[in-house]
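Keep the structure open while you read, and find each residue as it comes up.

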Amino acid sequence: MPDDPIPRPGRPVRGSESGRPLMAALDLLGRRWTLRVIWELRQDEVGFRELGRRCERMSSSVLSTRLGELTEARIVETGEEGYRLTPLGRQLLDALHPLENWGLAWEKALRG
């Protein structure tokens, strides 16, 4: 079954008929492999084949779909050497750092 149209603020998305921006973002980021693609683009521009290699078990068709969605969402763009995060994509990474810290605290709490 194909994914729904690319989530956008102001349009109905999973979990929000009004399309609140946070819910639209969570819908987009919750798609399989989306966060991994963003993660792999965090340091440098990466070509399609190399990105596919870094993402291990992701098919080229899914990678192509995710890159298209992230490009339309203005999180990823193409450059001279491949794909890279846009300034908006870099802001997204900055926003995810507190969640990463929370995840580490959660892991520690579950161990203790």
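The points below go through the pockets and then the salt bridges.

1. One thing to keep in mind from the start: this is a predicted model.

2. Let's begin with the largest pocket, which has a volume of about 430 Å³. Its lining is made up of 21 residues. If you want to find the middle, look for A25, L28, L29, I75 and L92, which lie nearest the centre.

3. Which helix gives the most to the lining of the largest pocket? That would be helix 1, with seven residues. Helix 1 covers residues 21-29, and helix 5 (87-111) also supplies at least two residues of this lining. Sorted by class, the lining has 18 nonpolar residues, two charged ones and one polar one.

4. Now move to the second largest pocket, with about 190 Å³ of space. Around it you'll find L35, I38, W39, L93, L96, H97, L99 and E100. Here helix 5 gives the most, with five residues, and helix 2 (34-40) supplies at least two. By class, that makes six nonpolar residues, one polar and one charged.

5. On to charges. Side chains of opposite charge can pair when their charged atoms come close. Searching the whole structure turns up 13 salt bridges, and a few of them are worth a look.

6. Take E40 and R36 in helix 2. They form a salt bridge, with their closest N and O atoms 2.8 Å apart. The two are four residues apart in the helix, so about one helical turn separates them. Are they buried or exposed? E40 has 11% relative accessibility, so it counts as buried, while R36 is partly exposed at 24%.

7. Helix 3 (residues 48-54) has a pair of its own: R53 and E50 sit three residues apart, about one turn of the helix. Their side chains meet in a salt bridge at 2.6 Å, N to O. R53 counts as exposed because its relative accessibility is 55%, above the 50% cut-off. E50, at 27%, is partly exposed.

8. Finally, look at E56 and R57. They make a salt bridge too, the closest N and O atoms being 3.6 Å apart. R57 is exposed, with a relative accessible area of 69%.

Terms used. Residues numbered from 1 in each chain as written. Predicted model: local features only at pLDDT ≥ 70, side-chain atom pairs only at ≥ 80, totals over all residues. Heavy atoms only, no water. 1 Å grid on protein atoms, 1.4 Å probe; cavity = no way out; pocket = protein on both sides within 12 Å on 5 of 7 lines; lining within 4 Å. Points joined across faces, edges and corners; volume = space filled by probe spheres on them. Nonpolar A, V, L, I, M, F, W, Y, C, P; charged D, E, K, R; others polar. Salt bridge = Lys/Arg side-chain N within 4 Å of Asp/Glu carboxyl O. Buried < 20%, exposed > 50% of the residue type's maximum accessible area, 1.4 Å probe, protein only.
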